[in-house]
Amino acid sequence: MNKIPLESTLAGAYRFLFTRILSIIGTLWLPFLATAALLAGIVWLAIPHDWLAGNFPQLSENASPQEVLAICLPFVKAVPLILIVSLIMGSMMYVGLMRLSLGQTKHSFAFFSLGGDVWRMALAFVLMGLLIVLLEAVLIGLFFAALAAAKAFMPQTAMILFLVVLGIAEVCFLIYAVVRWQFFLPAVVVAEHKIGLGRSWELGGGNFWRIVVIVLLIVIPVGFVAGLVWQMTLMPVLVSEAMRMPDNPGPAEMSAFFRALLPLAPVFLIVILVQKVATMGLMAGAIGTAYKAVTPAPEEEQASA
């Protein structure tokens with residue numbers, strides 16, 4: 001299996017972000033706007049309007065399970081719709097970015113699609129999630145089977161050491177499987193127009209540590225810059241308001257504290273949005289560059305045939 005060229009993949013990721021930033025924003029702004037509108041509509045329909053105005057219900061110390069359920073029920077109803085919207089719109093964003101990264105789209109000023117690639121991307125994410133849950137169940141079953149066998153045949157010290165090693169090995173294998181499955185999946189869906197879980201697993205073979213390094217060298221710098229912005233803009237106000245609170249704040253003090261932070265909400269949203277755009281753009285650039293590097297061009301396939 002071809003290896004991911006580490007340096008050129010990272011260079012391609014950052015080059016994609018900084019040279020195609022207008023097209024990246026053009027690809028993401030409409031799905032972001034649609035997602036915000038849909039999520040706001042779900043919250044408006046599912047959450048009681050008194051709660052949105054700040055009049056939250058108060059639970060007594062001896063609240064019954066029915067009272068707790070009545071408070072949680074609006075959130076429970078909203079969660080499935082929020083997950084569906086996030087899945088579909090997130091898949092749309094990845095499809096648009098991967099078309100840019102793979103060279104299928106030259107420029108983008110507005111993007112909105114519910115075509116086949118978007119549904120394949122969403123289904124691929126769902127199937128991968130189900131496979132990960134199934135793998136977790138299998139690993140947990142193996143752990144408890146090993147625990148039962150170890151209790152029967154091993155002394156206490158050896159059993160504890162064996163179970164610790166087994167647990168660490170299972171967690172490492174789960175992380176390995178997730179990384180290997182997930183990295184190439186968006187590129188396979190868009191470039192080959194199929195769900196491609198097996199193909200993504202195949203391309204990820206022998207590239208685990210390269211993928212980990214690529215992801216870390218994207219997430220850490222973006223997170224570091226975002227952290228600096230947090231420190232310079234939000235933290236001084238947050239600390240100042242926290243220092244004014246009494247030692248044992250009541251509901252009125254907590255309400256006043258959160259109201260004092262409301263003017264910071266636009267800054268908070270802008271920082272989160274910029275961090276999200278930068279991370280998604282870098283990841284799309286890295287995935288597209290790596291995919292083109294590990295898959296032969298059509299001319300090369302014909303020559304080898």
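Accessible areas were computed by the Shrake-Rupley method with a 1.4 Å probe, and for residues only the protein chains shown count as cover. On this basis the accessible surface of the chain comes to about 17,900 Å², of which 73% belongs to carbon and sulfur atoms. The model is predicted: local features need pLDDT of at least 70, side-chain atom pairs count only at pLDDT 80 or more, and totals for chains, interfaces and linings use all residues. Residues are numbered from 1 along each chain as its sequence is written, and side-chain values use heavy atoms, with hydrogens and water left out.

The chain holds 13 helices and 0 strands. Helices (H or I, at least four residues) and strands (E, at least two) are DSSP runs, numbered from the N terminus. Of the 305 residues in the chain, 34% are buried. Buried means under 20% relative accessible area, exposed means over 50%, and partly exposed lies in between (1.4 Å probe, protein chains only). Among contacts (heavy atoms within 4.5 Å) with a separation of 6 or more, 77% join residues 24 or more positions apart.

Two packed helices are described by the angle between their axes and the distance between the axes. Helix α1 (residues 6-19) packs with helix α9 (residues 208-233) at an angle of about 35 degrees. Their axes are 10 Å apart. Axes are lines fitted to C-alpha atoms, for helices over the stretch in contact, and angles run from 0 to 180 degrees between N-to-C directions. The crossing of α1 and α9 is right-handed. A crossing is right-handed if the near helix is turned clockwise from the far one by less than a right angle, and left-handed if anticlockwise. On the α1 side, the residues that meet α9 include Leu6, Leu10 and Tyr14. Their partners in α9 include Val213, Leu217 and Pro221.

Helix α2 (residues 21-46) contains Ile21. Ile21 is partly exposed because its relative accessibility is 30%. A nonpolar surface patch is formed by Ile21, Leu22, Ile25, Trp29 and Leu33, with about 490 Å² of accessible area together. Patches are made of residues with over 30% relative accessible area and no salt bridge, like charges being joined within 9 Å and nonpolar side chains (Val, Leu, Ile, Met, Phe, Trp, Tyr) within 5 Å. Leu83 lies in helix α4 (residues 65-101). Leu83 counts as exposed because its relative accessibility is 55%. The C-alpha atoms of Leu83 and Leu39 are separated by 9.8 Å, although the two residues are 44 apart along the chain.

Helix α7 (residues 185-192) is mostly covered, with 6 of its 8 residues buried. The buried residues are Leu185, Pro186, Ala187, Val188, Val189 and Val190. Most residues other than glycine have a negative phi. His193 is not a glycine, yet has a positive phi of about 55 degrees. With a relative accessible area of 45%, His193 is partly exposed.

The structure holds 5 salt bridges. A salt bridge is a side-chain nitrogen of Lys or Arg within 4 Å of a carboxyl oxygen of Asp or Glu. Glu192, Lys194, Arg199 and Glu202 are linked in a network of such bridges. The closest N and O atoms are 3.4 Å apart for Glu192 and Lys194, 3.0 Å for Arg199 and Glu192, and 3.7 Å for Glu202 and Arg199. Glu202 and Arg199 both lie in helix α8, 3 residues apart, about one turn of the helix. Glu192 is partly exposed at 22% relative accessible area, and Lys194 is partly exposed at 38%.
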